[in-house]
Amino acid sequence: MPGNRWALRYCGNMLSLTIKEVSLALREGKISPLELCRKCLKRIKKTQHLNAYITVTEELALKQAEEAESRLLQGVYQGILDGIPFAVKDNFCTENIRTTCASRMLKDFLPPYNATVVQKLLDQGAVLVGKTNMDEFAMGSGSTDGVFGPVRNPWSYAAPYREQSGGAEDDSEWVITGGSSGGSGAAVTSLTSFLALGSDTGGSTRNPGALCGAVALKPTYGLLSRHGLIPLVNSMDVPGIVTRSTSDAAIVLEVLQGRDLKDSTTVQSPTSHAGFSEDFDVRNLCVGIPKEYHAPGLSQETLAQWSRLADLLEGAGARVREVSLPHTQHSIVCYHVLCCAEVASNMARFDGLEYGHRSTEDSSTDAMYAASRHEGFNAVVRGRILSGNFFLLQQNYERYFLKAQQVRRLIAEDFEHAFSAGVDVLLTPTTLSDAASYSHFIQADNRTRSTQEDVFTQPANLAGLPAVSVPTALSSRGLPIGLQLIGPAFQDGMLLSVAHWIEQRVGFPSISNYEVPNK
Amino acid sequence: MAACTVLVTPLLYVNKQSSLFYYKACNIHRQCVTKKISTSVSRCSSQADPQKKSRPHELVGVVGLEIHAQIQSNTKLFSGSKVGFSAPPNSLVSFFDASLPGTLPVLNRRCVEAAVMTALALNCTINKKSFFDRKHYFYADLPAGYQITQQRRAVAVDGQLAYSLLGGRKRNQIQSRTVRIKQIQLEQDSGKSLHDDQRSQTLIDLNRAGVGLMELVMEPDMSCGEQAAAAVRELQLVLQALGTCQGNMSEGQLRVDANVSVHRPGEELGVRTEVKNINSARFLSRAIDYEIQRQIEALGRGEAVLNETRTYDSKSGHTIPMRDKEGLQDYRFMPEPNLPPLVVYEDRGSVPAGLLGAEGVVVLEGLREGLPELPSVKRARLVRSYGLLPEHSFTLVNEDGLMEYFEAVVKETRKEPRKLIGWVTNELLGHLKHHNLSVSKCPVSPSALAELLELQEAGHISSTVAKQVLGEMWRDPGRRAPEVVREQDLGLVCDSSDLQRVCQRVLDSHPDLVRALQEGNKKVLNRLMGLVQKETKGRADPVLVRSLLEEKTS
């Protein structure tokens, strides 16, 4: 059945091109923006069962593509992304396009404004094809806990996995995308959009990037505006970038970065740092391998990839050395306290008065609040609100919140020590293993899974550092494995250069290379 | 209702005579309710008057204030929406003010500068680095579910406000006092809820939501309502002089909550109550005095004072416990993660390169030099330059615009300022109060008053006539004094034969007075002069009349 439903075949050059390639083809008139947009929309329909999109903005996309087409015909380019389809995680506000956070609370919420990062893409002439699925309010690591249902990993339906998992007839063993930006990961790897915005608070962009086989960048905190990103944890959230190549990620980063007057935590990107280069020389590079990242539960295959890459770098002349990040072990519990506290605070605004779900309960204002919030939020969100409020109680504040903040500083200092001791970049796994099947994943609850899945990713959020996940190989199950690079603050360009070097050498396959067997 | 009006009117009537509105009100209020709160009165005045000593075992009031001053600014504290008092509901609401998800606060530099200027004027220490925090509670007019305030470290601390009140029997002794300012913090105002009980609805207006507030905490250095009212009045004048708050209590630009307790001097402070919902300085004074007395009486009955919030009911003059929603609130404070620390730089040189001129960068240098003349300095200058009495300087400074009016009159007349002051603080202000007008609405311009006083100074009209002419000018704005004098023939009568006749007639018809005068009662002469002035409608030259009368009776 699924084989018939969605034949993952090589679908012509157009949709599997990189941004760089498609941008050039558009300019040269080899591709029409309208045609490109129609193909994407068609493919979105074909891949509907992935559940990557919550909202497909077909009408608007066609209108934008038409405008791009008439611009390009006149030789007027709005920017490097002119006419290129993109998708946005459904926790970025989009003007008059519903923005749900995959929650009943915001099921019908129409924001009156665009998030800064969305606006910047639109200003480039990029074409918005839809809003992507996620865990409710980005709380999760599987994209399995949203009100619109779980997202399916496109690799579930590609030949390498299907051959391993025993035949096309059985649809029950599909694997998850990771999360919480699973919709964005799936959208980019299933070739329905050329780039997608995710959000990354504890690994929410890098995790699905790794499991879906995409390049996923978590920029330095403060480099990209959060204005219009519905927050999870303000002090850790960053807009994430999902693309099919490191060069594409660099292009998008260039477009999105910079100070935004609407977000007081943004800074102008320092010009002193080297930008992205496709000819990066790793011979002067010092690569750190944090020993604490040899975590329990790390799969043999991921470990093997990690070693392979370290060897590859060393073989090319880079200095590879072990470093210690001693406080990493505390990062999960520290993250848990800080995350819940901010969640409790950030979610306080959802009372059903100004916007969002309002219960019919009207016996009193307080009763209405309680009912609206109970009906509007899922159990994961409610649980985090409850514990967050507990942590913030006057009697608990010092024991939990303050202590967690102190630990957070120690974790950040670990990184600083490593970088000031000469390490340029840290190489780590992104996830413990390749993607789990949905049926396996849901055997543990959201909190357990988040604790397991975010272990390698969220120290970078606690420290505000840039990190990128690069796909390196397919596992024996036929599923992507990604590795992560973490760099010093504002060295996002250098980080992508190293990632590019790796990308060029590992030769990770595009999903478009595989035809579904038995077809 | 009628009884209420009757009760209130005399108060207002007496008040109109003086711009020392609050002090007088305080005084009168005491007389009105003396029976009820006699102890409070004696204690308060004994504190205010250093000559009397209070007995050490007697309970006295202790008053601290929490004042919320709306910052005078075009836009709100963290958003670009306009600030306005009477705009249509929900017409001044940005996405941030309505707490739309994804919106972020952006600090308004003007609001910080206003707080810093206020802090400088109140001799505070400015914290070079301060922080914003979230204070959480669910309320319909608090859309985000939290207020952004400064809990960990406020923008300014440790200041003081010097204020004075009039004491002594004639209320003409200036008593100077000081209240310490614990801190000044920046925070957001909330919206407004309107409860429609009939339809059991609550209507929300978010126009006020997010307007910048300065919360000033005054230490419990006051002991009665009169002192608190005087301190608030002085603060009002300081804020108005700075232009950092319009200070109108009835419009809610200045909101005062009083923390009231009683104790025996030298002992620990008693349990305090917080009195809210006070919308004028007069009510502030009354509410505090009532609350002090209530606590003294409660303790006298062996009852305990509860740590509670009470509201002032201006109709009954009582404080009433507020319905406590859920007992003690835990506000679950948390650092505001979307705002960097608020840094105030000493001078432009200390601002890091690249930040100079940037949004949100506040520099002390310049603000300090730009501070206007403060009320206490104004008063001292008035006393020094014009030889006025201190109480006159109070009247001039405390009444908005009166000092400027006075100085304008001084410029245009040769009359000595000391002789002129009564015309401004008694005659003119009396008219203004009687018609409930502000100085800016005064129908008689300073130059018109100066012209009138020139006529008197030159001896063309008597002071009685001058008052009469002022009344005419008040009734018919635009008419000038010489015109009125000419038309109504009010000039001094200097013709001695006319006056001879009038004087003789007065003497002839009052033989008893003449006898008394001749027997040595010199006071009777004034009486006779008055009668002559009555005959001439106040136009007789008093010097001439006096000599004629003396001549005729000797």
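# Reading a two-chain model

Me: I see that α10(A) is followed by A:G258, whose phi is positive, near 125°. What counts as a helix or a strand?

Reply: Before that, a word on the ground rules. This is a predicted model, in which local features need pLDDT of at least 70 and side-chain atom pairs count only at pLDDT 80 or more, while totals for chains, interfaces and linings use all residues. Residues are numbered from 1 along each chain as its sequence is written, chains are lettered from A and ligands numbered from 1 in the order in which they are written, and side-chain values use heavy atoms, leaving out hydrogens and water. As for your question, helices (H or I, at least four residues) and strands (E, at least two) are DSSP runs, numbered from the N terminus.

Me: Is helix α10 of chain A largely enclosed or largely open?

Reply: The general idea is relative accessible area: buried means under 20%, exposed over 50%, and partly exposed in between (1.4 Å probe, protein chains only). Here 10 of the 11 residues of α10 (residues 246-256) in chain A are buried, so the rest of the structure largely encloses this helix. Among the buried ones are A:D248, A:I251 and A:L256.

Me: How many residues make up the largest nonpolar core, and which touch the most other members?

Reply: In soluble globular proteins, nonpolar side chains tend to be buried together. A nonpolar core is a set of buried Ala, Val, Leu, Ile, Met, Phe, Trp, Tyr and Cys residues joined through side-chain atoms within 4.5 Å. The largest one here has 133 residues, and A:L121, A:F137 and A:L427 touch the most other members. Helix α12 (residues 331-346) of chain A gives this core its largest share, nine residues. Apart from it lies another core, of 72 residues, including B:L77 and B:I296.

Me: How many residues of each chain are in contact across the A and B boundary?

Reply: Contact means heavy atoms within 4.5 Å. By that rule, 30 residues of chain B are in contact with 38 residues of chain A. Buried area is the accessible area (1.4 Å probe) that two parts lose on being put together, summed over both. For these chains the value is about 2,800 Å², with carbon and sulfur atoms giving 59%. B:P101, B:F138 and B:R332 supply 22% of the area that chain B buries against chain A, more than any other three residues.

Me: Which parts of chain B does the pair B:R134 and B:E336 tie together?

Reply: In this salt bridge the closest N and O atoms are 2.8 Å apart. B:R134 lies in strand β4 of chain B and B:E336 in the loop between β15 and β16 (342-345), so the pair ties together parts that are 202 residues apart in sequence. Both B:R134 and B:E336 are buried.

Me: Are B:E291 and B:R310 buried or exposed?

Reply: B:E291 and B:R310 are both buried, and they form a salt bridge whose closest N and O atoms are 3.3 Å apart. For contrast, look at B:R368 and B:E346, whose side chains meet in a salt bridge (3.1 Å, N to O). B:R368 is partly exposed, with a relative accessible area of 40%, and B:E346 counts as partly exposed at 31%.

How values were computed: Salt bridge = Lys/Arg side-chain N within 4 Å of Asp/Glu carboxyl O.
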